[in-house]
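Colleague: Please take a close look at a single part of this structure. Describe it for a reader who is new to it.

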Amino acid sequence: MYFLIKPLGSSAFKWGGVSSILISGAVNTGYYEPVPAPSTIYGFLKYAYIIMGIGSDAPEFSGPYFYAKGKESEAICVHSYPSGLLCRIQGEMCLFKIKEEQFEHRIGIALDRKQKITKEGYVYMQKMLDLSFISKEILGEEPENYGVMINVLDDSAEKLKNFVGPFGGESRPAKVYSVEPEFAGGIKKKLLASPALINSISDKKAEWKCGHAEIDIFKDEEKKIIIDKISVRMLSAGFDNGKRLPMFLAIMPTVEVKDNVKRIGMYSEKGWGSVVEI
């Protein structure tokens, strides 16, 4: 079943980089994307399952998608690194890039969580996105609904409806809704929706300790949309019991996956390497 995680305000989805907290001011060389990393979604779901008494761990899920719906149109998008979304709007494909001026630059002060006070001089900068504004830009009309959409593969997840919890940078609140997206008439290509954590890549063949997969650049020649390179980065798989998991080579979306699979790479049970169709 599909769920929409809708931020109740602007959101910060940081994927890496360095934030230096200085008395003289904020320095931020981090990079931010229009959708959260799989580890952010996994942590949100695990927190929700525990708080709601559904279970002790996050359920299996696929995605994420960026979803927006207005009166006349619906957009289903997947991440296109860097700072982009590959969208299907009423059966038509388009590539939408987030511009630097569309980010909100905000200054904050770090908190001492034990003493419940701010840390003097610990200033930082955060880049945030208003997903409502981005949805309007994509649709060309005011959105009636929007957010980060996932497909949760657990019948017990029905209880997640209307849950509100911390999501993304600064633990800003988001609310969960159920949605019924319209996938009919899509391009029917298997696309990488979240980074795939692998050991190596050569000649468009990704390999990891338990398998391998053939990948290729995404092309829609009819619409003249070509993502002309396969991007890779070093990413951490997230955190486990407060400890950072190892760094891995990661294939960044969007690429086409040639194999008939639903996920590729390591830590796929935590949302990494999700393969979808739009």
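Modeller: The model is predicted, with local features needing pLDDT of at least 70 and side-chain atom pairs 80 or more, while totals for chains, interfaces and linings use all residues. Residues are numbered from 1 along each chain, and side-chain values use heavy atoms, without hydrogens and water. Met52 counts as partly exposed because its relative accessibility is 37% (between 20% and 50%, 1.4 Å probe, protein chains only).

Strand S6 leads on to the second largest pocket, giving 3 residues, the largest share of its lining (a pocket is an open set of 1 Å grid points with protein on both sides within 12 Å along at least five of seven lines; a cavity is a set where a 1.4 Å probe fits but cannot get out; lining residues have an atom within 4 Å of a point). This pocket holds about 200 Å³ of space. Besides S6, strand S27 (275–276) gives two or more residues to its lining. Of the 13 lining residues, Ser62, Asn151, Lys262, Val275 and Val276 lie nearest the centre. The lining has 7 nonpolar, 2 polar and 4 charged residues.

Ser62 and Lys262 also line the largest cavity, together with residues including Glu60, Phe61, Arg263 and Trp272. About 40 Å³ of space lies in this cavity. Its lining divides into 2 nonpolar, 5 polar and 3 charged residues.

Notes. Points joined across faces, edges and corners; volume = space filled by probe spheres on them. Helix = DSSP H or I, 4+ residues; strand = E, 2+ residues; numbered from the N terminus. Nonpolar A, V, L, I, M, F, W, Y, C, P; charged D, E, K, R; others polar.
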